[in-house]
Amino acid sequence: MVLPPNSPQPEVNEAKNPDEINQEIITHPNPSLAPSEQSEQTWPIHTWWQGTRQHFQNLLPLEYWKKKLLDRLWVNEAEIADILTQLRRELPTTEALLIGKPQSGKSSLVRGLTGASAAIVGQGFQPHTQNTARYAYPSPELPLLIFTDTVGLGDLGHDTQSLIEELKVELAAPGEVNPAAKILLLTVKITDFATDTLQQIIQNLKTAYPQIPCLLVVTCLHEIYPHPRDDHPPYPPDQPEIERAFAAITSNFAPWVDGAVMVDFTREEDGYNPEFYGLTTLRDHLAERLPKAEAQTLHQLLDGETGKRLGNIYRDVARRYILAFSVMAGTLAAVPLPFATMPVLTALQVSLVGLLGKLYGQVLTPSQAGGVVSAIAGGFLAQAVGRELIKFVPGFGSVVAASWAAAYTWSLGEGACVYFGDLMGGKKPDPQKIQAVMRNAFQEAQNRFKNSPSGHN
């Protein structure tokens, strides 16, 4: 829910201490109507609502209610840490060291194995040592796959021995999260036969750590297709040119690698179908060389199961906060004055999105959180205005608005979980998918909240 351009902007609290939160956000609506006004309101449900609200206020003084509510609303850093620790234990990490020249398809391998976009993969790699960069998927706090990429390999003046020593340290070091499985991925373009430096590196590493598997990945097959505009042939390709080149490259590395596979990972704009040609075979070769737990995680990751599992775990925690915000939104929306509560509801919903972003590892300013609300809410704004106009109907309108505000806040929270979950997974959020999730969540939440102003069944 967003405000018109000329409306005063709500004050969204950014304080880390819950006691510093703007009291306007949690202030209860006015007590029950005056007796003279009550006599004019003959709707039974209205009378019941007023009595229930007054009873709540009598039982729970404002300061007590404020403290209890804020205790539920604020993200507990220790709780998030416990969740991440649990997930680290349950989801083994695989560390893949990418060894290859620039433009040999290393970033494409990362895209294929993670499903992340090229832009996100490019931004994700951060300098690690003098000769390497590192990318953790889906996040540094919760990595399933850690890719260490060799940079500058093949450049004039590149210190090959320095790189070898750095990689030996990487292979000897224990996993950053838990005892992670390690594997070497050697990428070579199918047109590249100047591989003396790569042979030297692999020979040194495998001599020092023969127990760590090394998979040779021959890339860019389309560069020697007989007709460049042809699409990929059925896998594996049986074209003589490809078979000869693959056999020659494989023989150069045969003493030091534990297997070889052909792939051709292109971009959508290149026009080849499938985009990740040979991905299933690559996955199977990797799985054969990894421990059982890591191999299972890799299969689930490429099948989408791990992403769903992660999403469910985070969403279970997120719903604790979504429920609390929905209850508060429903209470505030019951104020029987049209538009009186929209600024406060907007502030609540912006705060909710900021809170969920923090849970998913995205730290947002209030203005950024408001931008996310605008981006994912879509056509719900017009419906929100319509529901506020219903408040002109005596008695009945406030109850409908309360139910609608609670359901909308719930659906907004569910949509935000999808949005941040996609970002966490390195994917571009899909507006249509988010809108579909919000519509379904809204319908379910309406059924939940319409008979219960507090949001509890």
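Guide: Happy to. Two strands pair if DSSP finds at least two bridges between them, and helices (H or I, at least four residues) and strands (E, at least two) are DSSP runs, numbered from the N terminus. This is a predicted model, in which local features need pLDDT of at least 70 and side-chain atom pairs count only at pLDDT 80 or more, while totals for chains, interfaces and linings use all residues. Residues are numbered from 1 along each chain as its sequence is written, and side-chain values use heavy atoms, with hydrogens and water left out.

Pro-127 has Ala-133, in S3, as its bridge partner. Strand S3 (residues 132–138) and S2 run antiparallel, joined by 2 bridges. Stepping back, the open sheet has 7 strands with mixed pairing, and their order is S2-S3-S4-S1-S5-S6-S7. Strand S2 (126–127) and strand S7 (260–262) are the edge strands, each pairing on one side only.

Now for the helix. Helix H5 (residues 106–114) packs on this sheet, where contact means heavy atoms within 4.5 Å; H5 touches strand S1 (94–100), S3, strand S4 (143–150), strand S5 (181–189) and strand S6 (214–219). The direction of H5 makes about 175° with that of S4. For such values, axes are lines fitted to C-alpha atoms, for helices over the stretch in contact, and angles run from 0 to 180 degrees between N-to-C directions.

H5 also meets another helix. Two packed helices are described by the angle between their axes and the distance between the axes. Here, the axes of H5 and helix H10 (residues 279–288) cross at roughly 85° and come within 11 Å. H5 and H10 are therefore roughly perpendicular to each other; angles of 65 to 115 degrees count as such, with under 35 roughly parallel, over 145 roughly antiparallel and the rest oblique. On the H5 side, Leu-109, Gly-112 and Leu-113 make the contact, and on the H10 side Leu-279, Leu-282 and Leu-286 do. These residues divide into 5 nonpolar, 1 polar and no charged, where Ala, Val, Leu, Ile, Met, Phe, Trp, Tyr, Cys and Pro count as nonpolar, Asp, Glu, Lys and Arg as charged, and the others, Gly among them, as polar.
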